[in-house]
Each structure stands twice: as C-alpha cells, then as structure tokens.
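Open the model in your viewer and keep the selection tool at hand. This tour goes from stop to stop.

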Amino acid sequence: MNVNLEKRIYQLREVMAKKEVTLSVIMNFENQYYFSGFKAITYSRPIVLFVGEQNTKLVVPSLEENHAKDKSIADQLLVYYETPLHQTQANSYVELFEEVISTYPESSRVGVEFSALPFELARRLRDKGYELVSLDEEIVQMRAIKEEEEIEQIIESGKLVSLSLTASLAHAAPNITEMELDQFGNTALFLEVAKNHPNSTLDYFVMSPSGIERTNMPHVFSNTRALDTNDIIIHSRQVGINGYRAECERTFFVGKPTIEQEEAFKLSQEAQQAALDFIRVGVTAAEVNEVALNVFKDANVEQYVRHRTGHGIGIGLHEEPSLKYSNDLVLQENMVFCVEPGLYIPGIGGFRHSDTVILTKQGTQLVTHYPSKLEDLIL
C-alpha cells in the first residue's frame, strides 16, 4: 500500500476532526487521484470518493471496477452497472451516493469541495439536513506542498518536456504545419519513455500556435497551418510521468523577426527572467507577479498583458497557488510553479516563455532547460 496515500488520508481526517466533519465527499478527479491513487481516462460516468472517520469508499462504474481494484487504496469499492444482466443492482452513482450518506445521522457535518460538488448532490445533502463544510482551501494547501516522491516525478517530467521541446524546435522550418512540428517532439518523447521508463504512465499536452494572429491566442490547439518564412511561433509543452507534470514553453522565429517583434520578445524574456530570479521561499505570489509586471510597466506595454505571471503545477495542468496580483500567499518550500509572463500585441504577435521551478530551502531549482535568449530562438 502507498504510504503517501495513507498519509494524505490521515491529514484529511485531521482537517475533518478540526471541522467536526464525519464524512467527506471528494468529487474533483485530481483530488480523487491524490487521495486514492485512482485516475480514470474519462469521467463521463461519475466517480465519488468518500472518506469517513474509519474507512474510505470509492463509487465507480462497472467498466472501471478492475482498474480501481488495481490502483485504488479505498477500503471498499461500490460498483454501479449499466447492463441488463445487473438490473437488480445499483445502476447509477446517485443510488450508491444515497446508500452511503444514509448511514450517517442527518445532523452530520459533511465535508465537500464547493468548487466541484454537483448542485444535484448538494441539494440532496441539504434536503436531508446535512450541513456542508468546505474543504477546498485545506486540500489546495495539501496539494501545493509537494512530497519528495512527487518532486522526483516532476524533475523527471522536466527532463522529458525539455527533451521533446528540443526535438520539435530542431525540426522547425518553413512549410511544415504546426501539427508536424509537434510530432517531432512527440516521437522523441514516446521513444524515451518506452526505453527508459518501463511500466510508467505518460500524459502530455502540446500546442504550437504560429503567426501574428494565432500567437495572440494564449491557449489554442495546433492545427494544419503551415509555418511561413519569418514566422513567429509559441511552442508550449507539458509532460507528465506517473501522474506529475512539468511545463516548458518558448517563443521562437523561423527566419528574421521584425524590430517590433525583437523588442517585444526581449521584454517578455526579461520579465520572465526577473520573476525566475526573484521567486523563492518567503516572498508572496503577488510580489512575484509584480516583479514581472514592472518590466512591462516600465516599457509602457502593460496593456498587452492578459494573464498572471504563473501557476502551480503537479497533478493538474494548472494548479493553485497562482502567481497573480491578488494573491498574498507566502510561498513555501516544496511548492512548484510554472513562471510564464506574456505579452500579446495586435499586429506584432504573442510572446511567452515558461519554465518549471521547485522552491527549496537552498534556493529555486529550475527543472526545465532550453535557451531563452533571442539569438538562440531565431531558427
């Protein structure tokens, strides 16, 4: 049994005891994985994790039963079916949800994620007289401080995402499409994981918006647009090995940038470097954001900033804490962040680098590696 999963359940029960909660209902799929070790490919059939004072129960559809038995540490699996041979058994997750909560007195305090609990389930709980208590903040705090094993996986993911980004950029050229650019890195990634990470799970995300208009869309899927001569591209990658991710992004040019693009690129790179140099244990998230933003303010381009300076990463693509102006959280050891200030200027293009860092007592550890200066990114 995974000791860390047991530890997390113990920590959650400590929170429950402080809040006088007798049962917790976990619906967010990332949190379910964090506490149970089980992650499905799709959640079109709902899954519910119950954490009681003495035991844990996982409600799963029948097609996930064997998978959950293999991966989950739940004390009991409750299975619902959708085939006619099982008409006499539970055929919806709501039936099993009702079955579990009915064993608790109606005056009970139930811990929930207000950010993830479906309204229908909240209504059923409240109609029966249960008091709902938020666990959102405490779970965010738990996940934000990474354990040693989590950090090891993030470091390895940093190596893999750097490798795949390098492979894609090595093949960048006019007339290949965004999707073709992506596949060079994908192939390198698959071969590396297959060779050196036996019995591992891999997930990844990649996008390569190109051209002035598309790079001004911070989140957009790669498509079949062909790269032009003297084109601008933002190549963005995340790689996750065994459930934990790292991110690396670079803005680059196929050919010669314009003078305006050179200036915007240098500002974006300077802002990111300023944030990377500043971020450490003991400063606030808002202060990190302000350091990057000041570079843009001083250059009179603040109006072209569309998003925060960065975000947490781990199980999820984007996690709390956020490096944004309104977050006064003091950063702690073993938090992990993507640092990615960006500029998006109509008629000129979008500009963003991203790197993943781990905060330690000794300093900030960069886990993604690719050159970031303009001269290295004119290909």
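A crossing is called left-handed if the near helix is turned anticlockwise from the far one by less than a right angle, and right-handed if clockwise. Helices (H or I, at least four residues) and strands (E, at least two) are DSSP runs, numbered from the N terminus. This is a predicted model, in which local features need pLDDT of at least 70 and side-chain atom pairs count only at pLDDT 80 or more, while totals for chains, interfaces and linings use all residues. Residues are numbered from 1 along each chain as its sequence is written, and side-chain values use heavy atoms, with hydrogens and water left out.

**Stop 1: α7 and α8**

Select helix α7, residues 148-170. Which hand does the crossing of α7 and α8 have? It is right-handed. The two helices pack at an angle of about 140°, and their axes are 7 Å apart. Axes here are lines fitted to C-alpha atoms, for helices over the stretch in contact, and angles run from 0 to 180 degrees between N-to-C directions. α7 and α8 are therefore oblique to each other. The scale is this: under 35 degrees is roughly parallel, over 145 roughly antiparallel, 65 to 115 roughly perpendicular, and the rest oblique.

Now show side chains. On α7, pick L160, L163, S164, A167 and S168. They meet L181, D182, F184, G185, A188, L189, E192 and V193 of α8. Contact means heavy atoms within 4.5 Å. By class, this contact has 8 nonpolar, 3 polar and 2 charged residues. Ala, Val, Leu, Ile, Met, Phe, Trp, Tyr, Cys and Pro count as nonpolar; Asp, Glu, Lys and Arg as charged; the others, Gly among them, as polar.

Stay on α7 and click S162, which lies in this helix. Is S162 buried or exposed? S162 is buried, at a relative accessible area of 8%. Buried means under 20% relative accessible area, exposed over 50%, and partly exposed in between (1.4 Å probe, protein chains only). Setting aside neighbours within four places in sequence, S162 is in contact with V367, T368 and H369.

**Stop 2**

Two strands pair if DSSP finds at least two bridges between them.

Zoom in on β7 and β8 (residues 231-241), which are joined by 6 bridges. Select Y204; its bridge partner in β8 is V239.

**Stop 3: the five-strand sheet**

Next, colour the sheet of 5 strands with the order β11-β10-β12-β15-β16. It is open, and its pairing is antiparallel. β11 (319-323) and β16 (363-366) stand at the edges with a single partner strand each, so one side of each has no neighbour in the sheet. On average, neighbouring strands here are turned by 30° against each other, direction ignored.

Select β15, residues 355-360. 4 bridges join it to β16. A hairpin of 2 residues links β15 to β16. Pick L359 and look opposite: there stands T364 in β16.

**Stop 4: α10 and α11**

Select α10 (residues 259-278) and α11 (residues 285-298). They pack at about 155°, with axes 8 Å apart. α10 and α11 are therefore roughly antiparallel to each other. Their crossing is right-handed. L267, S268, E270, A271, A274, A275 and F278 of α10 meet E287, V288, V291, A292, V295 and F296 of α11. That contact has 10 nonpolar, 1 polar and 2 charged residues.

**Stop 5: α4 and α5**

Move to α4 (residues 93-101) and α5 (residues 119-127), which pack at about 30° with axes 12 Å apart. That makes α4 roughly parallel to α5. α4 passes α5 in a right-handed crossing. Y93, V94, F97, E98 and I101 of α4 make the contact with L121, R124 and L125 of α5. The classes are 6 nonpolar, no polar and 2 charged residues.

**Last stop: E131**

Click E131 in strand β6, residues 131-134. E131 is partly exposed, at 41% relative accessibility. Beyond its neighbours within four places in sequence, E131 is in contact with S108, R109 and V110. Finish with a C-alpha to C-alpha distance: E131 and V112 are 10.0 Å apart in space and 19 residues apart in sequence.
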